[in-house]
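Here's a quick briefing to read alongside the coordinates. It covers ring contacts and strand pairing.

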Amino acid sequence: MRRYKLFINGEFLESSSGETIQVINPANEEVISEVPQATVDETRKAIDAAYQSQKRWEKFPAIERAKYLRKIADGIRKNAKFLTETLMEEQGKVRSLAETEINFTADYIDYMAEWARRIEGEIIPSDKPNENIYLYKAPIGVVAGILPWNFPFFLIARKMAPALITGNTVVIKPSSDTPNNAFEFAKIVAGTDLPKGVFNLITGRGSVVGEELASNPKVGMISFTGSVEAGSRIMQLAAKNITKVSLELGGKAPAIVMNDANIDDAVKYIKQSRVINTGQVCNCAERVYVHEKVADEFIEKMIKAMRDTKYGEPLKSDDIEMGPLINKNALESVKGFVERAIKEGAKLLTGGEDDKFEKGYYYKATLLANCTQDMEIIRKEIFGPVLPIVTFKDLDQAIEYANDCEYGLTSSIYTQNLDVMMRAANEIKFGETYVNRENFEAMQGFHAGWRKSGIGGDDGKHGIEEFLNTHVLYIQYDTNKK
């Protein structure tokens, strides 16, 4: 069984608390590692290390900071197989998805390194004579990255890479369900010559480590991915110091299937979207609206697609589409959603039960029809391999249903009609809309939610901007001097 240490100011340290968190393999319920529960003092030590190192780090030319990022990306590629299997073991990812996450993370870090020569200010015309106005971009300071468990390795990079390239330093807190990959990431960082204190990693309870990160006055920005409830708590704590927050929270993505859609493509992409990572993805299809004229065909094909889903223990089989849910609480939550939906009148078409494996948190790909807009399963995030279907009469109704939601992260529509496509693009109130394709964002795009799905965003040019302050300089000059 692996045992890890905190990574603070360039050193691996034991926690003075003497308390540990046991990490469970969700595929077989075996304990695979122990990680330390950091104290408030240790959290402050990590923040202080980041705070002190940031003063020197921001003075490095951005192109020099980029060199360190590329070294980390190279280290990830050299250890890709081990990192893939670490991720599979602690999170229950299938091999293909774990490999994608590891490789995408390395590519993402390289992509952010490329911004070294692209961080630009502005020159603004002045209203006064003999004056120039310059707008500079400056780092915020210490960035606290608080991570979820569903894409834990990539999300280190999503928070660290833009922070570091813009001159900030970081303290990362991974989820207690999936900390192993983060410690292996820290080992890669330790193997480079990245200056001490620029990257720090601590584990522990959210009520201890998370709350200190969110409330410490030396933290300039909190980048959090997780639940609405936790995001709301972080905002409350950050308000004391008016600390900037960037939050990616829940999702309840609608998928609209029009009567002119390519049904085979819609079935393929929506099914993929629902079972990827066992349905534990905030931006993938959580509810489907199907035009009543094609509902029978769509449902018939979707039943087969969901029923044919292969699943099992990821480390024992590569020929599967799904692994387990992350833990027992997640399994019970998904089961509860389905049971309550059936009581409300939904019709179970396939699935609807946990698997009969002796160990592990498995639940079959599940399809529900006869759902209505007022049902809990249409309104609340399921975060499991369950797909509820609602039929609609026309585009007006479909858009109304899609927007009738407290979340606003991603959405999708399947149609061959350009007019329908453009109207949906203008009227669907979500941060992202995918047309005739799977729900998966690009690193050069901008991943951001509306309403309760979050504040701020990630990726691309606009994601970089989240990690920068503006400094406006007004310069008067004298034209009489020779």
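**Rings and strands at a glance**

F104 has a relative accessibility of 23%, so it counts as partly exposed, since that falls between the 20% and 50% cut-offs. Keep in mind that this is a predicted model.

**The F104–Y108 pair**

- Y108 comes out at 0% relative accessibility, so it goes down as buried.
- Helix α4 (residues 95-113) holds both F104 and Y108, and they sit four residues apart, which is about one turn of the helix.
- By the pairing rule used here, the count of aromatic pairs is 15.
- F104 and Y108 have ring centres 6.4 Å apart and planes at 35°, so their pair is tilted; the centre distance just makes the 6.5 Å cut-off, and the angle lies between the 30 and 60 degree limits.

- What is the relative accessibility of W149? The value is 16%, so W149 counts as buried, as the limit for that is under 20%.
- W149 and F383 pair edge-to-face, with 5.7 Å from centre to centre and 80° between the planes.
- W149 sits in the loop between β8 and α5, while F383 sits in the loop between α12 (376-379) and β17 (386-392), so this pair ties together parts that are 234 residues apart in sequence.

**Other ring contacts**

- One aromatic cluster is made up of F7, F12, F153, F185 and F199.
- K93 places its charged end over the ring of F151, 4.2 Å from the ring's centre.
- R451 does likewise with F430: the charged end sits over the ring, 5.2 Å from its centre.

- Is strand β9 (residues 169-173) buried or exposed? Five of its five residues are buried, so β9 is largely enclosed by the rest of the structure.
- In a regular strand, side chains alternate between the two faces of the sheet.
- In β9, T169, V171 and K173 point one way, V170 and I172 point the other way, and all are buried.
- Strand β8 (residues 142-146) runs parallel to β9, and five bridges join the two; V142 stands opposite T169 in β9.
- β9 also pairs in the parallel sense with strand β10 (residues 199-201), over three bridges. There, V170 has F199 of β10 as its bridge partner, and F199 belongs to the aromatic cluster mentioned above.
- A right-handed β-α-β unit is made by β8, helix α5 (residues 152-165) and β9.
- Another right-handed β-α-β unit is made by β9, helix α6 (residues 180-190) and β10.

**The β6-β7-β23 sheet**

- Three strands make up an open sheet in the order β6-β7-β23, with antiparallel pairing.
- Its edge strands are β6 (122-124) and β23 (468-476), each of which pairs on one side only.
- From one strand to the next, the twist averages 25°.
- How many bridges join β6 to strand β7 (residues 131-139)? There are three, and the two strands run antiparallel.
- I123 faces Y134 in β7, standing opposite that residue.

Technical notes:
Residues numbered from 1 in each chain as written. Predicted model: local features only at pLDDT ≥ 70, side-chain atom pairs only at ≥ 80, totals over all residues. Heavy atoms only, no water. Pairing = 2+ DSSP bridges. Axes fitted to C-alpha atoms, helices over the stretch in contact; angles between N-to-C directions. Buried < 20%, exposed > 50% of the residue type's maximum accessible area, 1.4 Å probe, protein only. Right-handed = clockwise from strand over helix to strand, strands pointing away. Phe/Tyr/Trp six-rings, centres within 6.5 Å; stacked < 30°, edge-to-face > 60°. Lys NZ or Arg CZ within 6 Å of the ring centre and 35° of its normal.
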